[in-house]
Amino acid sequence: MGQVRHPRRVQTYDAELGAAVARAQDGDETAFAVAYRIVQPSLLGYVRGLVGDDAEDVASDAWLEITRDLGRFKGDGAGFRGWTATIARHRALDHLRRQRVRPRAGGTEQDVLDLPAPHSTLDLALESLSTERALELVRSLPGDQAEAVLLRVVVGLDSPAAARVLGKRPGAVRTAAHRGLKRLARQLGVGGESNPSDKNGSGHG
């Protein structure tokens, strides 16, 4: 429960997901169950990264809304993942507001627009995000970085889709995700210390 699928595997399900959603919109309950099984693991991981131990309750609320509004959805499998993530995000933020816990504000984007993103470090960090411990580390990131990492890595959205969920520019989401992954790589002890670009741009923040 709460296991995070690697984004490459998530995206291989998009054709099956799109077909299942289309059938579910025509009233096929079995097809809806298929769509739920495909989406729920990554959606629950995303919500857990936002609200922690209350993730299952928040995800359940999100699925009630998804079920209610399913007929209004238009798009393919990837679009459905983005749409469900948007709904889950709104329910998570409502939950945090009710708890009087405000999501932490992220840093500015300007200082990292040209941030190098070594593929070896990022790929290793991505692979490490299949653990519950890694989700806890994601929650410790500044808010913009945490959400960007969760949407890009856990939900498996591309930058434009993640940007639509967050109401930001794709470049800003890409930057926040790269910065967050570099911080995670350092925390996980994955290649960060040997990269001289880290010492230039990140400091201690």
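**Asking the helices, core and salt bridges to explain themselves**

Modeller: Of the 205 residues in the protein chain, 50% are buried. Keep in mind that this is a predicted model, where local features need pLDDT of at least 70, side-chain atom pairs count only at pLDDT 80 or more, and totals for chains, interfaces and linings use all residues. Residues are numbered from 1 along each chain as its sequence is written, and side-chain values use heavy atoms, with hydrogens and water left out.

Colleague: Okay, why is leucine 151 called buried?

Modeller: Buried means under 20% relative accessible area, exposed means over 50%, and partly exposed is what sits in between, with a 1.4 Å probe and protein chains only. Leucine 151 comes out at 0%, so it is buried. Its place is in helix α8, and helices here are DSSP runs of H or I with at least four residues, while strands are E runs of at least two, numbered from the N terminus.

Colleague: What makes up the list of residues in contact with leucine 151, leaving aside neighbours within four places in sequence?

Modeller: Contact means heavy atoms within 4.5 Å. By that rule leucine 151 gets Tyr46, Ala85, Gly156, Leu157, Ala162, Val165 and Leu166. Tyrosine 46 has its own list, including Arg89, Glu147 and Val154.

Colleague: Which residues touch the most other members of the largest nonpolar core?

Modeller: Tyr46, Val51, Phe80 and Leu151, out of 54 residues. The biggest share, eleven residues, comes from α3. It's called a nonpolar core because its members are buried Ala, Val, Leu, Ile, Met, Phe, Trp, Tyr or Cys residues joined through side-chain atoms within 4.5 Å. In soluble globular proteins, nonpolar side chains tend to be buried together.

Colleague: Why is the pair of glutamate 65 and arginine 91 called a salt bridge?

Modeller: The term needs a side-chain nitrogen of Lys or Arg within 4 Å of a carboxyl oxygen of Asp or Glu. Here the N to O distance is 2.2 Å, so the pair qualifies. Glutamate 65 lies in α4 and arginine 91 in α5, so the bridge ties together parts 26 residues apart in sequence. At 18%, glutamate 65 is buried, whereas arginine 91, at 21%, counts as partly exposed.

Colleague: And how do you know that aspartate 94 forms a salt bridge with arginine 91?

Modeller: Their closest N and O atoms are 2.4 Å apart, so they pass that cut-off too. They sit three residues apart in helix α5, about one helical turn. Glu65, Arg91, Asp94 and Arg97 are linked in a network of salt bridges.

Colleague: What about aspartate 69 and arginine 72?

Modeller: Also a salt bridge, with the closest N and O atoms 3.5 Å apart. Aspartate 69 counts as buried at 8%, while arginine 72 counts as exposed at 64%.

Colleague: Where is confidence lowest and where is it highest in the protein chain?

Modeller: pLDDT is the predictor's confidence in each residue, from 0 to 100. Helix α11 (residues 196-201) is lowest, at a mean of 39, and α4 is highest, at 94. Across the protein chain the average is 77, and 70% of the residues score at least 70. Residues 101-120 stay under 50, and the model has 29 contacts beyond four places in sequence for them.
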